[in-house]
Amino acid sequence: MRGVYASSVSLGGVNHLEQCLLSQQHLSVSLMLLLLALPWSHGSWTELISSGPQPPPRRAHASVQIESKNKIFIFGGATNGCSICEGGPIETVGVPCNASTAAAVCQGGSCVSKDHCLLNDAWTFNVLSFEFTPLQLCSSCGDSVVPPAVEGARGILWQKDNPDAVAVLVWGGRTYSRSACPSTSLTKDCFSTAMFKFSLSSTQTKWVKMETLSELVPAGRYGHSMDILGSRVLLFGGSNGESVLSDIWMFQPQTSINSGEWSTVNVDQSQSPGPGPRVYHSSTSYQSDVNSDRYQIFFFGGIDESSVLQND
């Protein structure tokens with residue numbers, strides 16, 4: 001069943017709108033909208049009917065609120081089973097196929113069934129009109145690329161106050177496309193390690209692969225967290241398919257030249273060891289002093305290195 005649901009919370013003041021996309025284990029498409037006002041009182045869920053074309057059901061996708069445009073950006077994730085190419089040239093591995101197209105598409109490889117397939121489509125959801133819109137890429141932009149289909153990627157909004165430069169940055173995620181990890185053994189999971197920027201300007205909607213200026217880069221992963229801290233992006237945790245990670249990285253974008261630099265973040269653990277390795281946790285950044293470049297990042301939950309679900 002597909003639906004859009006709203007929870008109306010009667011708080012007795014000016015209405016505010018918070019949105020979060022939720023996918024269930026059975027991969028239904030539902031958008032959970034929480035209507036808030038002040039002060040707290042009570043709430044209820046209301047099913048809304050969305051208009052426009054509907055995105056495929058999915059889980060482990062990235063979603064980013066674009067407040068200035070009253071929209072939510074949705075990218076990638078995992079959907080129901082399909083077939084992909086395996087065993088052929090690296091550029092064909094992970095490409096969707098079927099019995100009639102396998103010979104031409106897989107180029108000597110096999111068309112193999114998978115329990116779930118990965119997506120690289122991008123959508124917006126208008127929180128005022130309740131309309132889904134598939135994003136069409138700029139066909140005349142020479143630097144436009146198509147990112148690999150991934151699950152477990154994360155995204156953040158960049159330059160939200162600049163309508164001419166506002167963009168979504170997406171990093172990480174597991175993929176079937178071996179061209180995203182040509183040096184990784186075929187016996188190991190493949191992860192996207194490129195930072196992709198989706199331009200949301202009125203003149204050009206396109207993906208650009210940002211150049212990495214630093215020699216050190218974080219290992220590929222999924223289920224990590226990313227937070228925007230002023231002009232920088234903070235990355236924490238996740239899993240590389242073999243172990244759960246606890247490293248912290250900072251990415252400094254230089255979007256005017258579509259590039260950026262990674263650096264590690266050293267944390268003083270003398271007072272507390274911190275959360276330790278975590279995957280599928282949540283995080284929220286908070287600027288504790290608007291007059292300084294000081295932030296607090298709150299991490300909650302997730303799964304640790306012993307596969308134990310946490311509530312701290």
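1. Basis. In this predicted model, local features need pLDDT of at least 70 and side-chain atom pairs count only at pLDDT 80 or more, whereas totals for chains, interfaces and linings use all residues. Residues are numbered from 1 along each chain as its sequence is written, and side-chain values use heavy atoms, with hydrogens and water left out.

2. Overall architecture. The protein has 20 strands and 1 helix (DSSP runs numbered from the N terminus: H or I of at least four residues for helices, E of at least two for strands). Among contacts (heavy atoms within 4.5 Å) between residues at least 6 apart in sequence, 61% join residues at least 24 apart.

3. Burial and surface. Buried residues (under 20% relative accessible area, 1.4 Å probe, protein chains only) make up 44% of the 312 residues.

4. Second largest cavity. The structure contains 2 cavities of 30 Å³ or more; a cavity is a set of points on a 1 Å grid over the protein atoms alone where a 1.4 Å probe fits but cannot get out, and lining residues have an atom within 4 Å of a point. The second largest cavity holds about 50 Å³, a volume being the space filled by probe spheres set on points joined across faces, edges and corners. Its lining includes Phe75, Pro147, Trp171 and Phe196. By class, this lining has 8 nonpolar, 2 polar and no charged residues (nonpolar: Ala, Val, Leu, Ile, Met, Phe, Trp, Tyr, Cys and Pro; charged: Asp, Glu, Lys and Arg; polar: the others, Gly among them).

5. Second largest pocket. A pocket is an open set of grid points with protein on both sides within 12 Å along at least five of seven lines. The second largest pocket holds about 600 Å³. Of its 22 lining residues, Ile248, Val267, Gly274, Pro275 and Phe299 lie nearest the centre. Strands β16 (232–239), β17 (244–254) and β20 (294–300) each supply at least two lining residues. The lining comprises 12 nonpolar, 8 polar and 2 charged residues.

6. Val279. This residue sits in the loop between β18 (259–264) and β19 (282–289). Val279 counts as buried because its relative accessible area is 5%. Beyond four places in sequence, the contacts of Val279 include Tyr222, Gly238, Val244 and Ile303. Asn240 is 39 residues from Val279 in sequence, with a C-alpha to C-alpha separation of 9.7 Å.

Methods. Buried means under 20% relative accessible area, exposed over 50%, partly exposed in between (1.4 Å probe, protein chains only).
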